Amino acid sequence: MRKILTALTLVGALAVSACNTVEGVGKDVASAGSTVAKTADKSK
């Protein structure tokens with residue numbers, strides 16, 4: 001669970017600092033979703 005929270009925090013920080021357009025927001029959200037899914041799969 002801690003790994004997921006850490007990943008979400010990092011992705012959130014990157015999303016806030018990196019996305020300047022609607023397209024960028026979409027890419028950041030997709031990246032966050034895949035990161036969470038990978039982390040969840042690893043912790044099974």
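Predicted model: local features only at pLDDT ≥ 70, side-chain atom pairs only at ≥ 80, totals over all residues.
Colleague: How is the secondary structure of the protein chain made up?

Modeller: The chain has 2 helices and 0 strands. Helix 1 covers residues 2-18, and helix 2 covers residues 22-42.

Colleague: Why is Thr39 called buried?

Modeller: Buried means under 20% relative accessible area. Thr39, in helix 2, has 15% relative accessibility and therefore counts as buried. Of the 44 residues of the chain, 18% fall in that class.

Colleague: Which residues are in contact with Thr39, leaving aside its neighbours within four places in sequence?

Modeller: With those neighbours set aside, Thr39 is in contact with Lys3, Ile4 and Ala7.

Colleague: What makes the approach of the Thr39 side chain to the backbone oxygen of Thr35 a polar contact?

Modeller: The side chain of Thr39 reaches that oxygen at 2.8 Å. The cut-off for a pair of N or O atoms is 3.5 Å, so the pair at 2.8 Å lies within it.

Colleague: Why is Leu5 called partly exposed?

Modeller: Exposed requires over 50% relative accessible area, and buried requires under 20%. Leu5, in helix 1, stands at 49%, between these limits, and so counts as partly exposed.

Colleague: Which residues make the nonpolar surface patch that includes Leu5?

Modeller: Met1, Leu5 and Leu8 make this patch of about 340 Å².

Conventions
Residues numbered from 1 in each chain as written. Heavy atoms only, no water. Patch = residues over 30% accessible without salt bridge, like charges linked within 9 Å, V, L, I, M, F, W, Y side chains within 5 Å. Areas by Shrake-Rupley, 256 points an atom, 1.4 Å probe, with all protein chains shown as cover. Salt bridge = Lys/Arg side-chain N within 4 Å of Asp/Glu carboxyl O. Helix = DSSP H or I, 4+ residues; strand = E, 2+ residues; numbered from the N terminus. Buried < 20%, exposed > 50% of the residue type's maximum accessible area, 1.4 Å probe, protein only. Polar contact = N/O pair within 3.5 Å; in protein donor to acceptor, adjacent residues only side chain to side chain. Contact = heavy atoms within 4.5 Å.
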